[in-house]
Amino acid sequence: MLPELHARSAFSFLEAASTPEDLIEECARLGIPSLAQLDTDNVAGAPRLYMAAKKTGIRAHAGAEITAEGGGRYALIAENRTGYQNLCRLITSMKLRAPKGKAAASEEELRRFSTGLICVTRGGHDPGLLLDIYGRHGVYAELQRHFHRGEEARNQRLLDLAARWKLPLTASNGVRYARREQRELMDVLTCVRNKTTIHAAGRRLEPNAERHLKPEREMQRLFADLPEALDGARALAQRLQFTLADLGYKFPPYPVPPGETMNSFLRGKAWEGAGLRYRPLHDKAQRQIERELALIEKLDLAGYFLIVWDLVQFCRANQILVQGRGSAANSAVCYSLGITAVDPVGMDLLFERFLSEERGEWPDIDLDLPSGDQRERVIQHVYRRYGERGAAMTANVITYRGRSGIRDVGKVLGFPEGDLGRLSALVSRWGFKNPEEGLDRNFREAGYDPSDPRIGKFLQLYKDIQDLPRHLGQHSGGMVVCQGALDSVVPIEPATMPGRVVIQWDKEDCADLGLIKVDLLGLGMLAAIEETLDTIRTVHGEEVDLAHLPQDDPAVYGALQRADTVGLFQVESRAQMSVLPRMRPEKFYDIVVQVAIIRPGPIVGKMLHPYMRRREGTERPDSLHPMLDPVLARTRGVPLFQEQLLRMAMTAANFTGGEAEDLRRAMGFKRSQARMAQIEEKLRSGMAANGIHGETQDRIVQSITSFALYGFPESHAASFALIAYASAYLKCHYLAAFTAALLNNQPMGFYHPSTLVKDAQRHGLRVLPVDVTDSEWLCAVQDRGTMRLGFNYVRGLRKPTADAIIAARRAAAFESIEDLTRRVPGLHKDELRMLAQIGALNFIGARTSDRRTALWQSELALRPAGPLLDPVEAGGPGSPLAMMTDRERIHADFHGTGLTVGRHPIQLHRPYLDARGVIPAGELVHTRHGRIVRIAGCVICRQRPETAHGFAFFSLEDETGIANAIVSPKMFEVNRLVLISAPYLLLEGVLQNLQGAASVKVGRVEALDFGDMTVESHDFH
């Protein structure tokens, strides 16, 4: 059988058009026994090729085409592990010393990292040099034939060189795509890479469609005159012994004191922490900790737990908030070590969700850290601890999605930029996809005829390009560490962010190949909480300990029961607010359920409404089967959590803990359809053995599969519930400090800062505007009831300018705007004008009292140009400028800061809305259920989730609060353009007011022309 030893995949990024899986699938169809994937300067696609090949019995060879400083590329294939390690080190070396995107290997690097590599040359480099670098047995002359004359002339020259230098021959098809019909997509990618259109690309495009995988018989016809080249390919494939199964990756050991092993040291720390966590340390906790420690020791995982523990210790020593979450919260050892904050024994969480012997893979521990500088300190600590080439972030493969696909394909086909903008704006990036809401409809709305052949071609190429890798990005927080040099396992390259490096594999690749990852995740709410605690300490002189908050605070539960949750962690969304008044949380576990219940799992599994009815007492809390009563009793017979999924499989179908976790992974992982079917068969067989048949069996399988795909872990919900409770406590008792912290840590959460400010004002907080005589860079608390906006909210104001204003002000008060400009010479004209427009100069000196006067005085200070700009008294008979109206002030506020501390924009139009019978948002909860009502306001949220069957949800804000509306699929289609684009809406419909959760089922839609003073909306996330 003939191998293919020179193929590129889409991980060559715009230089090939097939995924590794696509290449392997075609190899299997054609009977090709092995494939060498040589992507450009990377092995990013190697894990996916290896995993796909392993399932089909095809052998996957690792290699790369390496760009050389002198021009051209070296096609290198790893013969053994040494060769693969050298390939990774070569790519790392050339990447780390060059600006991003400009890497090229020097001759010295090629020589230094040559052992174990085979170079296949097409004649672009001096054969003598190649033999000197790779040795007599390390160079092959590669022939390719694609039916064009220039290539055949090149082959003849290469044959002469091979004869002269005694180089063995090999043949390949230089594959760029799996199947012939993918050539057009390859042309599109070529145009994107060369920033040209298909009409202007010319000879940049391949002359034909021959660079696809070909069966042996076709290759034999192509090389009928050179059978030795095909024999050479077979011989070369026999030499290639390395696969990614032989990576040699090891997790670094943890340095322990003399006389200790990692296992003994972990035991000591775990029992020491358990004594502090469990008071008293009861038998059940002791048994669980001992069981976990025994398994950790058996699987040789002590070093991993100690390294994560060490990171937590670093955070605590440096006053950095840290909390473990995810499945690690199922571990009593993690809880005892202080990694997690949820007691899994007390909550009866399933350890096998985190770790089991059957899974045969490393556990995954996620650490939540304050986003921003604090998280970066921890990341840099890891780099310092393990070295530049011992630790790195994991990659994130950026793929073509709706809008990026439209823009790139459209540009290649020559669509005008304006049309592309309109078209891409019509494509939902997230949420519900209506089968009838196809691209042809979007084209009609953008003014194109879908029957036009060019449009047809666009639609085909747009679909073909979806999910194809576009470039490598950086994962939000995954870090990999390695004993020795990580760059011998996977290449390392500079990240876009200075001071960071990233490997070429994403988190799924790392999991597939056994690389250990710790997720250091930035959480904006933790940053806000950390800042709030610091403000409480420094401004109020009080100490608040998150670990000892009162767990039954009536203010917290009152706010949750009223759905008064704007700005709170995880419970602030429209959907959460619609359920909270019905849920009426009364204890901490209610918050755990609340965090988890508004998720795709309970909705897809049709568990939300049964749970709510059972909680309200209108439905019996029966389980799916009596055997499952102990598993589901805590959630009233309704499965809500992934841990319950595992226990259901263990109880109803006799699965072990590891088998149950394997079921979850198989059903939740998109690449494992065959495995999913096998495990479902085993699940049904186990239930049948326990006497569970028919409809009951089907319902259990349906609930399990729903949760396997979408379910939320109970441990994860509990970790989030702790932060949700803390955020609610701080908002209820320290509103000024909490609001300032929220505003200082944007973007985060569900609402725009303008909504956060208005909500705080409705709760009694006095929010003062930006003022050059008082503002700091960040929003700051003045007293318990007052907060001042910071310079950070002034659009276009640079931080060095703000710092200079603050320093000058501290030296002496500003006497006038002219004094300000003189003492802060770096203040730009546009910055001064913006400060004047938003009222930040109103309190300087005696002559400034309103914005128009400040603007006048600013121009005078900027251009002292004669009597026209002589000082005049504000508002006096000689004043040439009228004071701003309320409308003009609000417009200036939104333009300059994105929010206003003055009147809400809707308040200006309240007389008009009253005349039209519009009910203020704050009054809806007191309005009779079933009444036809009108609501109006700024659109602050549009959502159309996949699980809502085409229904759309809108939130409108006015001066009294937020009103929620539900739009049916038909109503959405009829009013689509208005609903997705109008900043202000008037909606009429039937009020649904159930137990304090009010929403309007919309029957009529109207856009309101209130100008552009509007809150930024949160659309379709």
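Predicted model: local features only at pLDDT ≥ 70, side-chain atom pairs only at ≥ 80, totals over all residues.

Colleague: How many cavities of 30 Å³ or more turn up in the whole structure?

Modeller: Seven.

Colleague: And what's the volume of the largest cavity?

Modeller: About 90 Å³.

Colleague: Which elements give two or more residues to its lining?

Modeller: Strand S2 (34-40), helix H2 (46-56) and strand S3 (59-67). S3 gives the most, with four residues.

Colleague: Which residues line the largest cavity, then?

Modeller: Among them are Gln37, Asp39, Ala46, Leu49, Tyr50, Ala60, His61, Ala62 and Gly63, and Leu244 is on the list too. By class, the lining has seven nonpolar, four polar and one charged residues.

Colleague: OK, switching to the second largest cavity. How much space lies in there?

Modeller: About 80 Å³.

Colleague: Which residues line that one?

Modeller: Ile307, Leu311, Val382, Tyr386, Met479, Val481, Ile516, Val518 and Leu520. The elements that give two or more residues to this lining are helices H12 (302-317) and H14 (373-386), plus strands S11 (469-481) and S14 (517-523).

Colleague: What does the lining of the second largest cavity look like by class?

Modeller: Nine nonpolar residues, with no polar and no charged ones.

Notes: Residues numbered from 1 in each chain as written. Heavy atoms only, no water. 1 Å grid on protein atoms, 1.4 Å probe; cavity = no way out; pocket = protein on both sides within 12 Å on 5 of 7 lines; lining within 4 Å. Points joined across faces, edges and corners; volume = space filled by probe spheres on them. Nonpolar A, V, L, I, M, F, W, Y, C, P; charged D, E, K, R; others polar.
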